[in-house]
Structures are given as structure tokens and as C-alpha cells.
Amino acid sequence: MKPMEEEEEEAVVAELRRQLEDEERSPEQKVILLNHGLNKALNSAALQTDSRVLTRVKSQLYLSGVLSHCVLLLTLGPRGLQGNWGAAATLAQFTSSCCVGAEPADQSQAYHRLFLPSVVDGLLSLASQLMRRAECLSLLRKVMDSVCWLLRAHTQLTVQVLSSLHYEQIQMCDDVSVSLLCVQMWIQTCTASRDFLSGLSDHSVLLLLNEAVGQLAVNADPSVGGASVRLILLMASQQEARLQPLLLSFRGLDSLLDKDWRGRGFDQDVDQLIALIQSDSRSRPQVCADRVRAACVIQAAWRSYQTRRRVKSLNRAVSTLQRRYRARRRQQQQQKEAQRWEEELKYQVCVRRQQARREFHQKQRRLLQLLPPDQVQCYLQECERRAAVLIQSSWRGFRERRRYNNDTQRDTHRRQQAARTLQRAVRHFLQKRQAAKAPPTTSFWIGQSGLTDSRRAELKRQVEEHVRLHSSSRVSRQECERLHEEVQLLLLSELQRGERRGREEQRVEALLAHTHTQLELLRDAPPLSVVTPTDADSFLSPSGPIAARARDAHNVALQASRLPWWRTLGETAGAVDTFSPSHLQELEAELGGLFVGGVSEVDGLNL
């Protein structure tokens, strides 16, 4: 081939790789692009008369990383492929075809040890996903044919296939068609290449034989059983000397074939396989007898060793058992004694309660005898009322205590209050540190702290040039100085106004925070039935006038509540609402503002 044609092939492969590296393409689009590109490249190379062209194209596809993209797309799950299983099966077929015949001379070791096993895993992963879908049986057959095509060229991948987790999942499928596909794949591989079994190790041949025998033992379908028998006979015809010793490890295989697989339509194959197994067992009867005798000797030695060791440890086991039994019996006796004392205590408590109740009733009967007859009924009603009040108060106290103990609102409020205190302290600390780090502002013009000497000289030169170009005879130097002073005074007043505005905003924020804190405290306050002196002190104002005014208002309210009802008949209409907005404004004007943190602030905030 001409060098120009080789350059064209490299350009086509490079363009395909560049399109695959585009991150905006979805996996489905990449699969379609690979199918089209690989089909075009392989067809153009197959049309050439020189067979080395196809080999060179496959090697370039591997070296450029295109086949690595294929393997990565094959390992994607249903979400990545979005149900496009037909394109994925076609991609698997193209990938297997490209791996057969490629000869990467410089990276041959990495190609055979790393890349080809990853291709097998990708193909089997796709096959395991297709196996779960009944409508994809034809696509599964195409993928299994791709694996068979790959195994014909690279026999060392047989162990990789038989030990793969994805292949184990395919084997455990209950579908007869899937099991038949697996057995037919190995039959096709052995039939297509006579040297396939000769290139395998004894371990690989044993794994393959184990799969065929496993299908005979597990599956009951005639087609699967016939295919498994044909596979074993095909292996025996190609490697009889290696297969006969391996068949001895499957004891009872001849009886299994005779009992379960006769009369299924392939009796001739079954008879041939049974004759092969029994001929090998008759040729080596002495070897089997020696193995049985050796196994018996080993088992007898092991059992005698176990018996001697058990006898030696018997005394220790008996003493341990006795010690544990005595400890258990002692513990049961102690539990029975404690239970007896507890029952005796309960009985004494009940007896004393009955005696106290009997004495109380006798004392009450003697007191009733001393009362006049007309007061007995009143006395009994009063006793009932007091008893009812006592029961109700006890129940309400118990209910409030249970509600207070079960409710975590008090703990939540304390945590929130502590968090607010810590946050307030941290913010204050950060503001102080930031203010300490900030440089002092000694001048009133903007931008002086950021100017360097060179920048200042350049600005001065620009100002002088501007003044020289735009000079006016109508403006004198004294007028400029006066205007400059006015500008400085305006700038200074603006800065002072900004500082006052900042202080006012800080004061407003402090007042709002204090107000919100007090509102949260009032909202989360416990009921008066369970309040403690510490909780009550937290709501007292540190200001003397506010505390005096609150005390007077409380006393007035108590006196008004104690008045008889007929004293309040004519005062309802003309009474002044203590908590009306006008009264609150008068109270605020009288106290001089809201007391916050020890400082009296007179602002426009009204509670």
C-alpha cells in the first residue's frame, strides 16, 4: 500500500478518536458513531488485496484507544445504553472482530495480559444484561458468538471466561435457551479449532468438563443434556488421553447418565459416554482400591486423634460445666430470695395502709358523733369537695410534670439562647479585630491609601496637563482654592453623616435583637405552675422606673380583680384600657424610652 493511503487510514482513525473524546456526546451517540466508524474502516480494509492492511487497521484502532472506548461502552449499564441493546450487540461483534488479528508489536504484552481480559469482561457483562431480557435472545446469541470468535484466536482467555462472575450469572439462569447457548458456544469453539483443547491447561479442561457435567446434573431439558453429552464426547475424541483421568473425579456420572438421560432421543451418545467412563474405571481398578485404602487410613488416623484430644479435654469441660451450673443455681436462689423479700415488703405496706385507713374511718366516725345533726350533711359535702380538689390538683400536677419532663422545648430554648450569646460574642470579637487591623484614615479624600509614588506623580502630571490645556482666564487662583475648601467641607460632612447613619443602624439592630430575644423568652416561658425563682428573675427589668411602674400596674390590677362585681358595673364604659396604644405612648414618654443593656435609648421604636 502507498504511504498516502496509510496516512488516510491514520487520519480516519484519529478523526474517530477525536469525535469519541467529545464530552457533549451521550453514550448512545458514541455507540452509533463507533458502529458506523468501525464498519467503514473494516470494510474498506477488507476490500484491499493485501491482508496486512486489515491487520494494520486493527492495530491502529487498538493503539489509538478506539477499542478502549468500545470496552468502556460495553460495560455500561441499562441507564448508560438507554435500552439500545441492538447497537450494543453490534458493537460487541465489531470489537471481537477487531481483537482477532491485531498485532501491536510494541505493546503486545499489555495487549494480551490486560486488554483482552477486559474485552472478555465487557462482552460477558453485556451478555449478562441481555440474559435478563427475554426479548433479547437473538442479541444474546450474537454476543455469545462474539465471545466464541474471540476464544478461537486466543485460547488463553478460556480460564478468564470460565471464572468470570458474569459467566456464572449466565450459567445460573433458569432459561433453557441461555443454558443451551453456553454449551453450543463451547461446542462451536472445539469444532472450529482442533488445537483448542491442546492449548489449554489441565485446570482449564477440568473447568470446561465441570460445566458440561454440571448441566447434566442440574438441567432436565433434552436439548441441553444432548448438547452437554456431545461436548464431552467431542473433548474425548480430541484429547482422550487427558480426558480419561479427569473423568474419574466425577464419581457416579455413569449411573446418572443411565438413570436420567436414557430414552431422551440420544441413547447412542449416552451409551458411548458410559462405555468410555466404565472402560477407564476397569483399566484402573487397582488405583481406585489403593486410593480408597489410603483414604480410610487417613480418616482413621484423624478420628483417633480427635478422640484422644476430646478425652484429654473432658475433665476440663466437666469442671467448667459444674462451675457454671453452681453459679447459675446460686444466682437463681438469690433471685428467689430477693423476690420473696420484695413480696413481703409489699404485703407489709398493704397491711399498714389498711390499718391507717381503718383508724382514719374510726376517727371520722367519732368526730361525726360530736357534730349536731343539721351540720353532718354540710360537713360531708365539704369533705367530698376537699377530696375532689386534692385529687384534681394531684392529677394536674402529675400531668404538668410529665409534660414538662417529656417536652424538650426548655432544653431547645436554652441551647438556642446559648448559641445566640456565643454568636453575638464572636461577631463582636471579629468586628474589634477587623477594626484593629484596618489602617487609620488620616485624610478625607478618597484613594490616597492605595496610591504609590509613581502613580501619584503620574496623576499630578495628568492634572497639570489638563489644567494647562483647559485653563480659563475668568477663574482666579483664589476662586479655585475657595471651591476646593468647599468641596472638602462637603466631603467631610458627608463622611460624618455616614458615620452617624452607621451608628444609628447599629443601635437599631441592637434594639431589634434585644426585642426579639425578649419576645422569644416570653414565648418559650414555662407555665406559672412549674416556674422557679430563677426563671422569674430572668424576666425582671434592671431599670428602676420600669420595675416600679410594672409593680404599680400589677397592684392596681389585683385590687380591681378583688372588688365585688357590683362595684364594677358603672366603670366599664369609662374605664381606661391600661394596655391601649395611647397609654403605651404616655408610658414610654414617662419612662424616657426603652431600657436596653443598661443604657436608655430614645428612638422611634415602639413596642
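The chat below walks through one predicted model, from its overall make-up to single residues.

Me: What should I know before reading any numbers here?
Reply: This is a predicted model, in which local features need pLDDT of at least 70 and side-chain atom pairs count only at pLDDT 80 or more, while totals for chains, interfaces and linings use all residues. Residues are numbered from 1 along each chain as its sequence is written, and side-chain values use heavy atoms, with hydrogens and water left out.

Me: OK, how many helices and strands are in the chain?
Reply: The chain has 25 helices and two strands, where helices (H or I, at least four residues) and strands (E, at least two) are DSSP runs numbered from the N terminus.

Me: And how much of the chain counts as buried?
Reply: Of its 607 residues, 25% count as buried; buried means under 20% relative accessible area, exposed means over 50%, and partly exposed lies in between (1.4 Å probe, protein chains only).

Me: Which residues touch the most other members of the largest nonpolar core?
Reply: They are Phe 115, Trp 186, Leu 209 and Leu 257, in a core of 97 residues. Helix H7 (residues 108–131) gives the largest share of this core, with 11 residues. A nonpolar core is a set of buried Ala, Val, Leu, Ile, Met, Phe, Trp, Tyr and Cys residues joined through side-chain atoms within 4.5 Å.

Me: What is Phe 115 in contact with?
Reply: Leaving aside neighbours within four places in sequence, Phe 115 is in contact with Tyr 62, Leu 67, Ser 68, Val 71, Cys 99 and Ala 110, contact meaning heavy atoms within 4.5 Å.

Me: Switching to Ser 96, is that residue buried or exposed?
Reply: Ser 96, which is found in helix H6 (residues 85–99), counts as buried because its relative accessibility is 1%. A polar atom of its side chain lies 2.7 Å from the backbone oxygen of Ser 146, and beyond its neighbours within four places in sequence, Ser 96 is in contact with Ser 146, Trp 149 and Leu 150.

Me: What about Thr 189, buried or exposed?
Reply: Thr 189 sits in helix H11 (residues 176–192) and counts as buried, at 0% relative accessibility. Setting aside neighbours within four places in sequence, its contacts are Cys 148, Leu 151, Arg 152 and Phe 196.

Me: New topic: how many salt bridges does a search of the whole structure find?
Reply: The search finds 11, a salt bridge being a side-chain nitrogen of Lys or Arg within 4 Å of a carboxyl oxygen of Asp or Glu. One of them pairs Arg 340 with Glu 337, their closest N and O atoms being 2.5 Å apart, and both residues lie in helix H18 (residues 314–370), three residues apart, about one turn of the helix.

Note on methods. A polar contact is a pair of N or O atoms within 3.5 Å; within protein, one must be able to donate a hydrogen and the other to accept it, and residues adjacent in sequence count only if both atoms are side-chain atoms.
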